[in-house]
Amino acid sequence: MLFNVGTDLLDMRRVEKIGVERLAKKILTLNEAFLLEGKSKRRKLELVAGRFVAKEAIFKAMGSIFKEGFSFQDIEVLPDSFGKPEVFFSKDYKKYREKVKLSISHCKDIVIAFAIFLV
């Protein structure tokens with residue numbers, strides 16, 4: 001079995017400097033933005049930073065499959081019933097849904113994501 005991997009790491013203090021709401025508007029889908037409702041400031045920061053690194057890791061793992069014009073909002077990361085991140089795609093990329101596995105972790109001010117794309 002062949003696979004590609006992608007990972008991304010981020011100091012969440014960088015997201016605080018940019019602005020959580022500003023970054024959220026740029027990278028989150030409507031369903032992902034809904035996850036922010038009622039959350040503490042810290043949890044919002046973790047969610048937005050986590051989605052950012054998750055999408056970056058997916059871009060890295062999938063590489064040249066993405067066409068010009070593909071954006072952060074074409075990837076959606078939502079928790080399953082156990083809280084595990086599941087990946088969904090828009091447009092012509094829906095066929096890759098079952099080929100991407102993702103893990104996201106937070107520790108103090110650091111967030112990391114690791115993506116595997118089954119070729």
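Which residue in the turn of the S2 and S3 hairpin has a positive phi? Point 4 has the reply; here are my notes in order.

1. **Ground rules.** This is a predicted model, where local features need pLDDT of at least 70, side-chain atom pairs count only at pLDDT 80 or more, and totals for chains, interfaces and linings use all residues. Numbering starts from 1 along each chain as its sequence is written, and side-chain values use heavy atoms, with hydrogens and water left out.

2. **Overall layout.** The protein chain has 4 helices and 5 strands, in the order β-α-α-α-α-β-β-β-β along the sequence. Helices (H or I, at least four residues) and strands (E, at least two) are DSSP runs, numbered from the N terminus. The radius of gyration, taken over C-alpha atoms, is compared with a globule rule of 2.2 Å times the number of residues to the power 0.38. For 119 residues that rule puts a compact globule near 14 Å, and the protein chain agrees, with 14 Å. Its C-alpha atoms fill a box of roughly 40 × 30 × 25 Å along the principal axes. Of contacts (heavy atoms within 4.5 Å) with a separation of 6 or more, 61% are between residues 24 or more positions apart.

3. **Helix H4.** This helix covers residues 41–62, and its 22 residues reach 32 Å from first C-alpha to last, close to the 32 Å expected at 1.5 Å a residue. The expected span is 1.5 Å times one less than the number of residues. Glycine 63 follows H4, with a positive phi near 55 degrees.

4. Strands pair if DSSP finds at least two bridges between them. S2 (residues 75–79) has 4 of its 5 residues buried, where buried means under 20% relative accessible area, exposed over 50%, and partly exposed in between (1.4 Å probe, protein chains only). S2 runs antiparallel to S3 (residues 85–89), joined by 5 bridges, with proline 79 partnering proline 85. To return to the opening question: glycine 83 has the positive phi, about 95 degrees, in a hairpin with 5 residues between the strands. S4 and S5 are also antiparallel, with 8 bridges, and serine 103 stands opposite phenylalanine 114 in S5. Their hairpin has 2 residues between the strands, and lysine 108 in the turn has a positive phi of about 55 degrees.

5. **The core.** A nonpolar core is a set of buried Ala, Val, Leu, Ile, Met, Phe, Trp, Tyr and Cys residues joined through side-chain atoms within 4.5 Å. The largest one has 36 residues, of which Val48, Ile58, Phe66, Ile75, Phe89 and Leu102 touch the most other members. H4 gives the most to this core, with 11 residues. Leaving aside neighbours within four places in sequence, phenylalanine 66 contacts Ile58, Phe59, Ile75, Phe89 and Tyr93.

6. **Two buried aspartates to look at.** Aspartate 8 lies in strand S1 (residues 3–11) and counts as buried because its relative accessible area is 13%. Its side chain makes a 2.9 Å polar contact with that of lysine 60. A polar contact is a pair of N or O atoms within 3.5 Å; within protein, one must be able to donate a hydrogen and the other to accept it, and residues adjacent in sequence count only if both atoms are side-chain atoms. Aspartate 109 sits in the loop between S4 and S5 and is buried too, at 18% relative accessibility. The side chain of aspartate 109 makes a polar contact of 3.5 Å with the side chain of arginine 42.
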